[in-house]
Amino acid sequence: MPHWTADQLLAIQSEGNLIVSAAAGAGKTAVLTERIVSRIRAGAPVESLLVLTFTKAAAAEMKSRIASRLNELADTAENNEEMRYLRRQARNVDSAFISTIHSFCSRVLRRHYHAVGLPARAKTADEMESAALKEIVRDDLLSQLAVENDADYTTLLAAFGSEQAAWDGIQTAYRFTRAQPEPEAWLKNAAARYADVAALLRILDDAVVFCKDELSMALETIVRERDQLSPDCANAISVLDDELSRYRAMLLCKTYSHYRDALHAMEYGRLVFPRAVAEEDKAGAKAARDMGKELIKEQKKRFLRAEAEELNALRRSGAVVAAICSLTIRFETVYSEAKRDKNLLDYDDLEHFALLALSKGEIAQEYREKFQWIAVDEYQDSNRVQEAILSCITRGDNLFFVGDVKQSIYRFRQAEPGLFLEKLAGFSGKVGARIDLASNFRSSEAVLSAVNEVFEAVMSERAGDIDYDARARLVCGTDQPAGSAELHLIRKERAESEDEADALEDAADLEVEARLIAQQIKEIIQIETYFDTKTKETRNYRYGDFAVLLRAGTEAQMVSQTLASNSVPAYAQSSGGYFDAVEVQIFRNLLSVIDNRRQDVPLISVLLSSIGGFTHEELAQMRTAHTAGAFYEAFFACAESGGILGKRATAFLEMLDAYRAESRLVTVEELIGKLLDETGFYEEMGAGGSGAQRQANLNALLDKAHAFEAAGSRGVWNFLRHLALAEDNASVGAAQTVTADVVRILTIHKSKGLEFPVVFVAGMGKQFNRQDVSNSLQLHAKHGMALRFIDREGVQRVKRDTLARVTLAQRIKREQLAEEMRVLYVAMTRARRKLILTACLNKPEEKLAASARIPTAWQAIKCSSPVRWLLMGAHRQMQITIHEREGWLGGVSASATQEIPPFDPVVLEAIESRLNWTYAHAEAAQIRAKAAVSRIVKGEDAMPVFARPAFLGGVTSAVFAGTATHAAMQYLPLDAAMDESTAAEYLRSLNELGKITQEQETAADASAIAWFTQDALFARMQKAVRLERELPFSYPMDAMQLYGIAAEETVLLQGVLDACFLESGEWVIADYKTDRVRPNETAEQAAQKHAEQLQLYALALESLTGQRVKELVVVLLSHRVAVRVG
């Protein structure tokens, strides 16, 4: 029985609506599990509970915990009835409503698809499919708008300056509004904010209120620093008081014009201190005053225009906003139709269609009655659509939310931490209750103290959306071994810019930090030991105990390489860049030259890879010999010239020709698999650095080919186009793999929910990403849409900004800063024992001395990087060390470049013996444990004669038509023969019953089916004592008998018989074939190709039933004849 704290017990046992604010490491998952189990023990079946988690992995873990706890309780049950009940509930956990919100929505739609007009078999598209379809819709829609000379589109082109910029604006608006419960209504409201003069004045008033809020925070900082001055600074105090009076007067302004006038009238006196006052005593007041002056300067830029001019600019921008809203709605309509045509849904559709279904009273009532209790894990990461779904199905008193707003770090996914804050404020009295879990059972006292010290200083409601007060403060929940918290500052040579980051400098800084981290890891492993609180054992540190957390995944590979070069094995968990991976690029290029070898760049890429095997010098030699035309022509000329190089070029071209011919016969997935197997490229990638990751990326390419063809697409060219569209529009992450005892390198977002004995947080000196703030188009859930646009009024083209856009950008900037603060909190709370943060910083001693010990909200907001927050506060809990940069420059460490000792001859002989060893039963090792009959007898080397390909004229493919005919034959009624019209009617009935699709009904050969019902074989089937159709079987066979291989191995032979029937106690096997009639081929010759397959069927059927097979018949539906074989 777990030992619960008083607050945890309250969270487990309390009734009614409840929100639990669970700090990092507070055991929220255990609490939620126990609360669910307690409800089940009280008599609520597990199927009457709805539990929503943030990820599928979290849902699986939750199910496992619940089932394990129920079985544990069943073992100690007081009576058999209780024991049986708990066991039954444990068995039902797998099918219970414990899932992500998307999985829940999917279940709702599978049951009520008809209520929202969805097809019964709608498929959820992955990101690549959605991106490719959007690109197709884009081309069609933009062409249509151009043809129509659409006024909104013309307005957008003029305002943004290019088609791509206009399209990006539409897509930005579309993605943003998918997180709103009613996207179309939100867009219309956003346009309505610019509808008339009164609406425009409200925008100006809103901007004034925001600017005054900024000024009030700056004022607070100046007042605090002014009050710290000694009476000896009377002159300086007088100047500051005069300026403070002017600031306070500005706060009383109500209108745009009044505030603008006050801004431009603001003047500053000369701040003079007595000579005896030390620099450090006046530095705070001077810095605070400068911050105020800088704010006024910035606000003056926002209020340059008079009110009438600003209203005119807003009015003109409002026309562009209306155009964006209109075209976004039109795109959504066209895109929805395209998805409907393909029976596709994306993840946003799942939520919106589920909300539409649940907005219908009878459906919502069904789920209100079903769910006695609803729990939401990680509630701080919910959005407004998900909140609307919950509001439809709650009874009003059965909600349980658990999460931590300080860990809400998914704003880029439209997560809305304000929902959590609303519940914290609103759940009181009759509405609900709030419980805070502050006890941390993960981290050492030193780590928790450092976290508290940093965030008590910088996190507040104005600077971070929530006050880091006594309820938020982390408390050590159990005795933990001693740990430490350290901040390592590396002196930076060049002063950092407050406005923009330098990517090259950031990379150089991070490389230096990685070298320091490598040294720290080696020292900890060599000197220190780790007490594992779970096993209660003391052991040495392992590489797997360390994690390096980064803000961006793009930096992970560089850090991994730097650690490896310093003898520290590391694994970088990638978060993106799938299409940038070298192995993926080479393989795409291989597919490209197979499809069309007259492409120089892909061709050269493949030639220089291990697949081609050519060197740069050899390609240069080819080009020198043939300088005219494309490189392909030079390569082809080389192939015709003879010689060693020419023969290799000829062999390569022959290989391309062979694979090109193969590509016409097999699926893209099969072609890629064949290329991976036969070129040796897969094995080569696995043998190199990050081999498992590279192979996972190639496996992912196979998965994408499978999904591509599952959606009904075919052909190498179409697949390459599908990848190109997805690359332009989707964010596809690299495949992830699991590694052994290595240092983990991952993003802070990926680390959420994880914990490590030692955590390094690197790159703390890197500037915050402010790119979103500079975007021309700004969107905010509460404050609508605003933009910067190209104004073509008159002769000149002027890029015009608006106060609405600048104000919205500053709001978003403040919200982003609050999220950056939460990201830092998540990073610091991942550490169990030791927390080590690193940063490169210019003049670290000076910045440390100047940092505020008790910062105001404005001082926290004005920080440009995480290290500035880390420098604030009392510095009593975190050890700060300053390093000289030169000590961490240079290349590979000495330990990595030491001379290799000479080989021992005995050891060398043993190595050679092992490397030259061959397996005695190599032939048997190639045998599969299972074998399909069709796979064994398939003549893959034979090249069939094709009729007109489907892609040349919209003709249904022969393979699909054959499959459709087979599907219809298995349900064939035995009561009477059919003519062609009756057969067509039969196919229609199968479609209506849902046994075949509309496409299969159209493709199936009704004439062939009608012929078969009139054939003598069908008459024999009608009279049979026993008839089996689509009969599956599994039969163990000796490999010798099946393959002719001398090996004592058994192979499981599997297959499906189309039809077999008993006649006079003996079996007759019939196999339907839809082979095309080929020139100069008789029916007997066509049938004989399938004899081996039927003989294997006969062998299995006789062995499994004990009854003889007397006759094998191939039914050639295309030939309209049944032929005996064997």
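**Domains and overall build**

Modeller: This is a predicted model. The chain is divided into five parts: domain 1 (6–122 + 345–437), domain 2 (198–309), domain 3 (484–573 + 742–776 + 814–888), domain 4 (578–729) and domain 5 (930–942 + 951–1124).

Colleague: How far apart do the C-alpha centres of domain 1 and domain 2 lie?
Modeller: Those two centres are separated by 49 Å. The C-alpha trace of the whole chain spans about 120 × 85 × 85 Å along its principal axes.

Colleague: And how many helices and strands are there?
Modeller: There are 47 helices and 29 strands in the chain.

Colleague: What about contacts between residues at least 6 apart in sequence?
Modeller: Of those contacts, 77% join residues at least 24 apart.

Colleague: How many charged side chains, positive and negative?
Modeller: The chain carries 133 positive and 157 negative side chains, with the centres of the two sets 4 Å apart.

Colleague: Is lysine 282 buried or exposed, and why?
Modeller: Lysine 282 counts as buried because its relative accessible area is 15%, and the cut-off for buried is under 20%.

Colleague: Which residues does it touch?
Modeller: Leaving aside residues up to four places away in sequence, lysine 282 touches Phe273 and Val277.

Conventions: Residues are numbered from 1 along each chain as its sequence is written. This is a predicted model: local features need pLDDT of at least 70, side-chain atom pairs count only at pLDDT 80 or more; totals for chains, interfaces and linings use all residues. Side-chain values use heavy atoms; hydrogens and water are left out. Helices (H or I, at least four residues) and strands (E, at least two) are DSSP runs, numbered from the N terminus. Contact means heavy atoms within 4.5 Å. Lys and Arg count as positive and Asp and Glu as negative; His and the chain ends are not counted. The place of a charge is taken as NZ of Lys, CZ of Arg, CG of Asp or CD of Glu. Domain bounds come from an automatic or database domain assignment. Buried means under 20% relative accessible area, exposed over 50%, partly exposed in between (1.4 Å probe, protein chains only).
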